[in-house]
Amino acid sequence: MTTLPPMIHVVDDDESLRTALLRLLGAAGFEARGYASTGDFLLQPPPDRPGCLLLDVRMPGPSGLDLQATLRCQSNPLPVVFLTGYADVTASVRAMKAGAVDFLTKPVEREALFEALQRALDRDAAQRVARAEAERLRAAFAALTPRERAVFDRIVAGQINKQIADTLGIAERTVKLQRAQLMAKLGANSAAELGRLAERLQHLPD
Amino acid sequence: MGFVVACCFLLVSPALAGETQHVLVLYSNHRLLPANLEFEAGLRETLADSTELSAEFLNYPRFDGASYIRALALFLNEKYARRPPGVLVAAGEESLDFLLRHRAELFPRIPMVHGAVARSFLSSLPPLPADVVGVPIEYDFPGTIDLALRWHPRARRLVVVTGSSAQDHAWEAKLRGEILQFQGRVTVEFLVGLPTDAILKRLSELGSDAVVFTPGYFEDGVGRQFSPREAARLMAAAAAPVYGPFDTFMGTGIVGGSMPNFAAMGRQAGEIANALLAGVTPTALRLPEIMLPTANFDWRQVRRWDIDANAIPGDAIAWFKEPTFLEAHRNEAIMAAAVFLLQAGLIAWLLVERRRRRLANLAVQQQRFELAHAARLAVAGELTGAIAHEINQPLGAILSNADTADLLLTSGVDRRDELRAILADIRRDDLRASAVIQRLRALLAKHAVERQPFDLNGAVREMEPVLQPEARRRGVALEVRPAATAAPLVGDRVQIQQVLLNLVLNALDAVNGLPEARRTVAVSVERDADRVILVVRDCGHGIAPEHLPKLFDSFFSTKRRGMGLGLSIARTLVEVHGGRIRAESRLGEGAVFQAEWPVAGDAGSLGPA
């Protein structure tokens, strides 16, 4: 999965500009694909590979902003760089608030475009790493037995082994065993580390 | 004079009042002598209407001699014995002389007035009796000659003509004495006692350096009898300016002279006679010493001899001055002038009004166009976003293509075909951007209003690149449907495009905020036999019925930020092109705006567009 090079999705209704952008990106060594409308893009769901969107704001049918909003609902949204013919303040503010990487104006300097796209790809990569990490964590957590889960909750809540044994009505030795097991499963070495894991689990995206 | 006489009436004797007054005037010469006629006219004019005037004539010098005089005296004696006059008037020197001699026997104790008697003659007589009064005259020979020389400053010769009778010789003698004062100024020649033919021949040979003075004559060198006036008339026909001392000469062709006025003498004598008849004592009369001569001139002669009008004294009496048209028809002229002026004034006023109205109309039209232009600029502000998008699109493509080419060249890989394709695209996009700018410029530039034939379909299509982006920006589906056949109009294409622009922007506003299905605006050009129609239809809320009548008025707007000028300007521009615009709407079902114009000329028969 991570072996695939990133793909840049260019959504612009202006064929001439789209072609030029695709050419430029191609010459600069990016892999890129063009779509004439937001509908086109949604109808041809891209393979799950790294990448980002280069999105025109105004297009017939749903606008670039509409597409951005739609994508945010997905589990793994691609970062968006807007490229607009006319930068009105309202649209740019809306786009940035919705998490756009950048809001560029046509005609755009090559460096600025590449820089923004690079940031988008970096963000995508970072998001992918974070997502993989969370996935791993979630999987590890899912592997805990109900008893281990109960022990984990109490360790994170700051109880010592004796208190946990009393609360759960089990032997303190059993607690120690299960603690060792769950730390091994979660790959943690200390109670403090477990605390940080718990924190991250709470903030994991769905 | 009148004053003097009026004072004298205080001395009137009541006894004489009521009786018929009788005045007898005795003239020296014959009855038709012009001087006598004028004198009598003056006399008659002055005497009261009730006063009886008798006239007698010595007929001197035609008739003379002791027996004639005796017979005449006898005749007068017989004639007036039963109707004696209350006052005698002696008109002329011979008459005065005769009456002085015979008054005692003919008209004893009857007071006498003399007129037309020269002072020089009086001084040759013994002092007059107290009851003989009058104002002497002075025949102003030197004054007349002086006048002639002043009016002809280039004259070098003065020719003096007299005759052969005793009177003529008396005048000659007088002249020879008075002429001395002019000797230095001109050469003086006397023509005395010549036959009239000889005189006229001599005069006709005179050059332009000569002036002629004559008192006329009674008898020429061959004994032919004349009146001085007749003699003057003959002489005045000569080729030199003739001057004479008697106002009876006026009209004979003489130029003029310094003259006693016989009519004035008659009036003077009449006034004295009135006083005497009224019983005023002759010695109580206060009379002027002399009747002053005045300059007289014949206007026609002044012009004939080209005399400088400035040399003529202001109090001179002008004879035969043809009244100018204004003088002759003063009242009519004033009326006509007044009417003319009034009419001219009226016409001028109307012209001025018309001009002002035309200027005002022009100014209004100019202002409308200015306003229309301002409105286009304002609309351009609204369209900025769409326009920028429309231009930046090709610019963005161009830049990206250029960057690509740069990258390709740097990479060193030979991808000539791709470069060629890139250049072709750059070229195409450049033209595309430039077309947008040109269209925009055509729309926004302040151009002179044109009157050219054009096709409404084309004009509408041209606006699509401006309208579509704006519709897109607002998320509105804009449908543009030209007519199937040509839609020829004559006028200013840009102004019609502005109408379209205003109507479409209004329609876009009307559907703003509606669900997507209703966010549609349709523009169509329609064409029937004699009309070209532009229709803009929207699916908005429609127009409230109460707003419909005011829709095209200036400053009527239902929009929060509207100026209320868009539709007003649209109507102006439609009407300037001879068309009309109207709106139809059902509340809740959208609105339809229709602008229609008569089909322009024969272009209507053009085939399908």
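Strands here are DSSP runs of E with at least two residues, helices are runs of H or I with at least four, and both are numbered from the N terminus. Before I continue, a note on the basis of this talk. The model is predicted, so local features need pLDDT of at least 70 and side-chain atom pairs count only at pLDDT 80 or more, while totals for chains, interfaces and linings use all residues. Residues are numbered from 1 along each chain as its sequence is written, chains are lettered from A and ligands numbered from 1 in the order in which they are written, and side-chain values use heavy atoms, with hydrogens and water left out.

Let me stay with that region of chain B. Strand 14 and strand 16 (residues 520-527) of chain B run parallel and are joined by five bridges; two strands pair if DSSP finds at least two bridges between them. They belong to an open sheet of five strands in chain B, ordered 14-16-17-19-18, with mixed pairing. Strand 14 (477-481) and strand 18 (580-585) of chain B are the edge strands, each pairing on one side only. On average, and ignoring direction, neighbouring strands of this sheet are turned by 15° against each other. Axes are lines fitted to C-alpha atoms, for helices over the stretch in contact, and angles between N-to-C directions run from 0 to 180 degrees.

Which helices accompany this sheet? Helix 15 of chain B packs on the sheet and touches strand 14, strand 16, strand 17 (531-538) and strand 19 (591-598) of chain B; contact means heavy atoms within 4.5 Å. The direction of helix 15 makes about 170° with that of strand 14 of chain B. Helix 16 (residues 493-510) of chain B lies across strand 14, strand 16, strand 17, strand 18 and strand 19 of chain B, and runs at about 20° to strand 17 of chain B.

Chain B has another open sheet of five strands, in the order 2-1-3-4-5, and here the pairing is parallel. Its edge strands, each pairing on one side only, are strand 2 (52-57) and strand 5 (132-134) of chain B. Strand 1 (residues 22-27) and strand 3 (residues 87-91) of chain B pair in the parallel sense over five bridges, and B:Y27 stands opposite B:A91 in strand 3 of chain B. Helix 4 of chain B lies across strand 1, strand 3, strand 4 (112-115) and strand 5 of chain B, at about 140° to strand 3 of chain B.

I turn to the interface. In all, 24 residues of chain A are in contact with 25 residues of chain B. The two chains bury about 2100 Å² between them, 56% of it on carbon and sulfur atoms; buried area is the accessible area (1.4 Å probe) that two parts lose on being put together, summed over both. A:R23, A:R58 and A:R110 supply 31% of the area that chain A buries against chain B, more than any other three residues.

On a 1 Å grid over the protein atoms alone, a cavity is a set of points where a 1.4 Å probe fits but cannot get out, and a pocket is an open set with protein on both sides within 12 Å along at least five of seven lines; lining residues have an atom within 4 Å of a point. Grid points are joined across faces, edges and corners, and a volume is the space filled by probe spheres set on the points.

The second largest pocket has a volume of about 740 Å³. It is lined by 26 residues, of which A:S63, B:R472, B:R473, B:R474 and B:G475 are the closest to its centre. Helix 3 (64-72) and helix 4 (89-97) of chain A, together with helix 15 (456-473) of chain B, are the elements that give two or more residues to this lining.

The largest cavity has a volume of about 350 Å³. Of its 23 lining residues, B:N29, B:L33, B:Y139, B:F218 and B:F262 are the closest to the centre. Helix 2 of chain B gives the most to the lining of this cavity, with four residues.
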